[in-house]
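Here's a quick briefing to go with the structure below. Have a look around it, then work through the points.

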Amino acid sequence: MTRRKAVVRERSTKETSIVLRLAIDGEGDVSVATGLPFFDHMISQLGKHAGFDLSLKATGDLEVDAHHTVEDAGILIGEAFREALGDKAGVRRFASIDVPLDEALLSVAVDLSGRPFLVYQVDPGGGGEAYPIGNPPFDPQLAEEFWRAFVTAAGITLHLRMISGRNTHHILEASFKGVARALRDAVRVEGGGVPSTKGTL
């Protein structure tokens, strides 16, 4: 199979500066440095379990808030993902999976539809309060902002639902691993044409 090209993208604003290299036909080689160790851990899960080669280096105004860094990373990864897929000829397009991590169980479904839509039914506190993780702190609510930015830039439909969970770390990690495995299946090339009656995605 011909490997799809790696994409290099940069994004620079008054709030963040990010450099990304993404190859969706990779080996799961990942290097992430955003200044937010827990977020680095989550993006590493995404790249590793999707089988992507992913290098991301970001500097942002963390003294203000982590929001800008997290959202802009989602935008850039989404843009690179969309570019790397090209015309999507032959891809499976749809994929779904349930992923456990101890007491947490997350259900994920994805469609490489060309239509950005996010359904995020995840309670990072597992019915209680979700406390920031790491130092500098990562607000668990920012996971939703990351996925919204990614979905919008990538032009895909993503459903994330929590079936069970209590531990914030477990819930979020299961969600990132779940999306990773669904994307890994959805981007797999198994045919020749674009999987749509419209002829385009």
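**Salt bridges and a helix pair**

R188 comes out at 38% relative accessibility, so we call R188 partly exposed. Its salt-bridge partner is D185, with the closest N and O atoms 2.9 Å apart. D185, on the other hand, is buried, at a relative accessible area of 16%. Keep in mind that this is a predicted model.

- The structure has 12 salt bridges.
- One of them joins the side chains of R3 and E27, at 3.9 Å from N to O.
- R3 sits in the segment before strand 1 (7-12) and E27 in the loop between strand 2 (16-23) and strand 3 (30-33), so this pair ties together parts that are 24 residues apart in sequence.
- E27 counts as exposed, at 56% relative accessibility.
- K5, R9, E79 and E83 link up in a network of salt bridges.

**Inside helix 3**

- R148 and E144 form a salt bridge, and their closest N and O atoms are 3.0 Å apart.
- Both lie in helix 3, 4 residues apart, which is about one turn of the helix.
- R148 is partly exposed at 36% relative accessibility, and E144 is partly exposed at 25%.

**Helix 3 meets helix 4**

- The axes of helix 3 (residues 142-154) and helix 4 (residues 168-186) come within 11 Å and cross at roughly 20 degrees.
- That makes the two helices roughly parallel, and their crossing is right-handed.
- On the helix 3 side, A143, F146, W147 and F150 do the meeting; on the helix 4 side, it's L172, S175, F176, V179 and L183.
- Sorted by type, the residues of this contact are 8 nonpolar, 1 polar and no charged.

Notes:
Residues numbered from 1 in each chain as written. Predicted model: local features only at pLDDT ≥ 70, side-chain atom pairs only at ≥ 80, totals over all residues. Heavy atoms only, no water. Axes fitted to C-alpha atoms, helices over the stretch in contact; angles between N-to-C directions. Parallel < 35°, antiparallel > 145°, perpendicular 65-115°, else oblique. Left-handed = near helix turned anticlockwise from the far one by under 90°. Contact = heavy atoms within 4.5 Å. Nonpolar A, V, L, I, M, F, W, Y, C, P; charged D, E, K, R; others polar. Salt bridge = Lys/Arg side-chain N within 4 Å of Asp/Glu carboxyl O. Buried < 20%, exposed > 50% of the residue type's maximum accessible area, 1.4 Å probe, protein only.
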